[in-house]
Amino acid sequence: MYAAQDRLEMTSGGTASGDIMTLDDALDWISEMFEEPKGRLGSDTARSDIAAWDSLGQLILMSGLDQKFGIRLSQAELARLSSVRDILDVLTKHHRLQQL
């Protein structure tokens, strides 16, 4: 398992302002954020099925979205994230993911 600092450092590899990820790239990035093996998470994976998506995981996700994509979410927006699909929707809304 990565330490929290290691997980935060993984988020710092930014994308170019015009880069748009594929669904597979996005799922791989989300898997890294939550220390899950690639291929385990799908669009419909619920937050409750991801052990590392706890309060610390939520902070790491928030940091990753900001550092890698320049996406800043309010506390209310973060609280509404309840599945991988919700994260994908955020990426799509901010033009970082190809339309699903």
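Predicted model: local features only at pLDDT ≥ 70, side-chain atom pairs only at ≥ 80, totals over all residues.
Beyond its neighbours within four places in sequence, Leu-65 is in contact with Trp-29, Gly-70, Ile-71, Leu-73 and Leu-91.

Next, follow helix α3 itself. It has 15 residues and spans 21 Å from its first C-alpha to its last, close to the 21 Å expected at 1.5 Å a residue. At the start of α3, a side-chain oxygen of Asp-54 comes to within 3.2 Å of the backbone nitrogen of Leu-56. Which residues of α3 are buried? They are Gly-57, Gln-58, Ile-60, Leu-61, Ser-63, Gly-64, Leu-65, Lys-68 and Phe-69. Notice that Gln-58, Ser-63 and Lys-68 are among them. After the helix comes Gly-70, with a positive phi near 70 degrees; Gly-70 is also one of the contacts of Leu-65.

The aromatic rings deserve a stop of their own. A pair of aromatic rings is described by the distance of the centres and the angle of the planes. The model has two aromatic pairs. Trp-29 and Phe-69 form an edge-to-face pair, with 5.1 Å from centre to centre and 80 degrees between the planes. Trp-29 belongs to helix α2 and Phe-69 to helix α3, so this pair ties together parts that are 40 residues apart in sequence. Both Trp-29 and Phe-69 are buried. The other pair, Phe-34 and Trp-53, is stacked, at 5.0 Å centre to centre and 25 degrees between the planes. Phe-34 and Trp-53 each lie in the loop between α2 and α3, 19 residues apart. Phe-34 counts as buried because its relative accessible area is 1%, and Trp-53 is likewise buried, at 4% relative accessibility.

Back in helix α2, have a look at Ser-31. Is Ser-31 buried or exposed? With a relative accessible area of 1%, Ser-31 is buried. A polar atom of its side chain lies 2.9 Å from the backbone oxygen of Leu-27. Setting aside neighbours within four places in sequence, Ser-31 is in contact with Glu-36, Pro-37, Lys-38 and Leu-41.

Side chains of opposite charge can pair when their charged atoms come close. How many salt bridges does the model have? The count comes to three. In one of them, Glu-36 pairs with Arg-40, and the closest N and O atoms are 3.1 Å apart. Glu-36 is buried, with a relative accessible area of 14%, whereas Arg-40 is partly exposed at 40%. Another salt bridge joins Arg-72 and Asp-66, at 3.1 Å from N to O. Here Arg-72 is exposed at 67% relative accessibility, and Asp-66 is partly exposed at 28%. Then there is the salt bridge between the side chains of Arg-85 and Asp-44, at 3.2 Å from N to O. Arg-85 sits in helix α5 and Asp-44 in the loop between α2 and α3, so the pair ties together parts that are 41 residues apart in sequence. Arg-85 is partly exposed at 33% relative accessibility, while Asp-44 is exposed, with a relative accessible area of 62%.

Thr-22 lies in the loop between α1 (4-10) and α2, and is partly exposed at 30% relative accessibility. Its side chain reaches the backbone nitrogen of Asp-25 at 3.1 Å. Which residues does Thr-22 touch, not counting those up to four places away in sequence? They are Leu-97 and Gln-98. The C-alpha atoms of Thr-22 and Leu-97 are separated by 6.0 Å, although the two are 75 residues apart along the chain. Thr-92, in helix α5, is buried at 13% relative accessibility.

Technical notes
Residues numbered from 1 in each chain as written. Heavy atoms only, no water. Contact = heavy atoms within 4.5 Å. Helix = DSSP H or I, 4+ residues; strand = E, 2+ residues; numbered from the N terminus. Buried < 20%, exposed > 50% of the residue type's maximum accessible area, 1.4 Å probe, protein only. Polar contact = N/O pair within 3.5 Å; in protein donor to acceptor, adjacent residues only side chain to side chain. Salt bridge = Lys/Arg side-chain N within 4 Å of Asp/Glu carboxyl O. Expected span 1.5 Å × (residues − 1). Phe/Tyr/Trp six-rings, centres within 6.5 Å; stacked < 30°, edge-to-face > 60°.
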